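Trainee: Hi! I have a new model open and would like to go through it with you. Can you put it on the screen?

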Amino acid sequence: MATRIGHIMTLFGTMWVLARHDAFAGMDELPDLPAPARTGLRLMRRLARKKKSRHKGLAPAIVELGPSYIKLGQFLATRADIVGTERAAELSELQDRLPPFSRKRALQEIRQSLGSDPALIFEEIGPPIAAASIAQVHKATIREFDGTTREVAVKVLRPGIEGRFARDLDSFFFAARWLERHSPPARRLRPVQTVETLAQSVKLEMDLRMEAAAISEIAENTVGDPGFRVPRIDWERTGRRVLTTEWIDGTPLSDIAALRERGVDFVALGETIIQSFLRHAIRDGFFHADMHQGNLFVDHDGLLVAVDFGITGRLSLKDRRFLAEILWGFINRNYRRVAEVHFEAGYVPADQSTDLFAQALRAIGEPLMGKQADQISMARVLGQLFTVTEQFNMATQPQLLLLQKTMVVVEGVARSFNPQLNMWDTAEPVVRRWAEEHLGPSAYLHDAAEGAALLGRVFGNLPELFNDAERTARMLSAMADAGGIKLDRTTSESLAAAGSRHDLTTRMAIWIGALALVALAVSQFV
């Protein structure tokens with residue numbers, strides 16, 4: 001009871017701050033809002049009338065609420081299905097900037113995390129140059145074995161940030177469970193799962209070794225990719241609360257004037273931004289999910305360099321096939337195939353009509369056909385797609401929403417350098433290459449071969465399975481003889497034999513299915 005009261009008081013305080021910033025305007029009129037919540041919002045707005053803040057809006061309120069709510073706000077910017085399109089747009093502009101903590105506290109954190117005096121590890125550590133809700137960054141210098149010095153970026157977690165997030169996440173879970181219990185329409189949005197996703201994301205973000213591993217993985221994935229790289233990791237100076245990377249001495253994409261002065265090819269840069277992101281998402285299934293201008297640089301070699309991998313996204317092979325096929329389907333106006341992909345992926349329930357869904361997709365795609373290619377937003381297409389799927393009871397797919405949110409940002413960055421960027425022509429080589437490798441005849445053979453190999457191993461284990469069945473029959477018979485269970489010898493042996501026949505029948509059916517897959521794959525070449 002005490003914990004429940006504590007959560008209620010915490011949420012009451014949150015609502016009070018939101019009300020003072022007039023962040024609830026219009027929310028009490030939402031039709032799906034539970035009656036108690038609607039009453040509470042109206043009461044809170046009345047009480048806060050005389051205490052209004054000068055800074056109105058959701059974003060200023062979230063900044064006042066602190067680090068946990070800033071992360072929640074950034075996360076909800078990907079969930080227009082929960083907060084609405086307008087509020088999602090407002091949250092997408094939320095700046096994760098907080099006052100820095102002292103250099104002295106940063107040195108204490110470095111000493112505790114790396115287990116050594118910072119003066120022995122670094123030649124020099126400067127004041128903080130950027131501070132966010134979870135960590136801040138310092139520019140530092142290290143001395144190499146040959147006596148030369150090298151500049152590095154040192155990211156340090158905020159002191160006590162784990163405890164603060166743990167307390168606030170408990171309150172978020174309390175609110176999400178209450179919403180699922182009392183608002184049937186909200187259950188489709190999976191609020192508890194949404195908070196769980198946020199909690200997992202924050203947990204990973206607060207272990208800087210995981211961010212280092214993400215950078216390392218993307219570095220491996222992108223070896224040989226044209227025009228893109230990530231910073232090198234200094235593993236010796238990296239721990240759970242401290243991350244040290246190469247210092248990127250380049251020009252941030254936010255400084256367009258400096259890039260123009262350097263003579264950077266803006267058209268080529270726009271294409272590199274889009275194609276790099278699509279390679280990471282579709283080819284690798286692992287992408288930087290915070291690719292705004294402040295996290296992207298052009299180095300002295302003219303390469304695009306991404307930093308700050310605190311937020312990343314992953315897509316399963318099924319998700320990547322889904323994404324590639326729907327993009328390819330829209331490019332080729334094959335709405336029936338786009339609809340089928342949704343059903344094959346299991347995103348839309350089987351009791352829905354494929355024909356009606358294809359008709360709804362056509363309503364999205366055909367209006368695009370009369371427009372210039374540079375007027376068509378791939379991210380907007382995905383956003384409209386996810387909106388339409390609500391009519392067909394498609395369950396929310398958080399990983400796809402994160403992808404769509406990131407694509408909105410990436411498109412915006414790319415078009416800031418080339419407003420005439422043709423998204424479809426730019427994306428087509430990446431999507432086509434992946435489709436040829438994973439959706440063509442060679443992919444069928446690869447999948448069939450993998451399935452046949454797996455089933456071959458199962459088939460090879462059949463003698464052992466038969467021996468297990470015989471041992472089970474003898475054991476049951478012995479138990480029956482001892483009076484432990486009421487089964488006679490004939491019954492137990494019959495059960496074991498029936499089980500063996502069932503196993504054999506099932507495995508033979510699967511084996512025949514595998515052979516059929518091989519035949520289907522081969523037929524693609526004939």
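Trainee: What share of the contacts with a separation of 6 or more is between residues 24 or more positions apart?

Mentor: In the protein chain that share is 68%, where a contact means heavy atoms within 4.5 Å. Keep in mind that this is a predicted model, where local features need pLDDT of at least 70, side-chain atom pairs count only at pLDDT 80 or more, and totals for chains, interfaces and linings use all residues. Residues are numbered from 1 along each chain as its sequence is written, and side-chain values use heavy atoms, with hydrogens and water left out.

Trainee: Thanks. How many helices and strands are there in the chain?

Mentor: The protein chain has 23 helices and 10 strands. These are DSSP runs numbered from the N terminus: H or I with at least four residues for helices, E with at least two for strands.

Trainee: And what percentage of the residues counts as buried?

Mentor: Of 526 residues, 44% do. Buried means under 20% relative accessible area, exposed is over 50%, and partly exposed lies in between, using a 1.4 Å probe and protein chains only.

Trainee: Let's look at histidine 138. Where is it, and is it buried or exposed?

Mentor: Histidine 138 is in strand β2, and it counts as buried because its relative accessibility is 1%.

Trainee: What does its side chain make polar contacts with?

Mentor: One partner is the side chain of glutamine 136, at 3.0 Å. Also, a polar atom of the histidine 138 side chain lies 2.9 Å from the backbone oxygen of glycine 126. A polar contact here is a pair of N or O atoms within 3.5 Å; within protein, one must be able to donate a hydrogen and the other to accept it, and residues adjacent in sequence count only if both atoms are side-chain atoms.

Trainee: On to threonine 148. Where is that, and why does it count as partly exposed?

Mentor: Threonine 148 is in the loop between β2 (135-143) and β3 (149-157). It counts as partly exposed because its relative accessibility is 40%. Its side chain makes a polar contact with the side chain of aspartate 146, at 2.6 Å.

Trainee: Last one: what is the strand order in the open sheet of 4 strands?

Mentor: The order is β4-β9-β8-β6, with mixed pairing. The edge strands, β4 (228-229) and β6 (251-252), each pair on one side only. Strand β4 pairs with β9 (residues 304-306) in the parallel sense over 2 bridges, and phenylalanine 228 stands opposite leucine 304 in β9.

Definitions and conventions. Two strands pair if DSSP finds at least two bridges between them.
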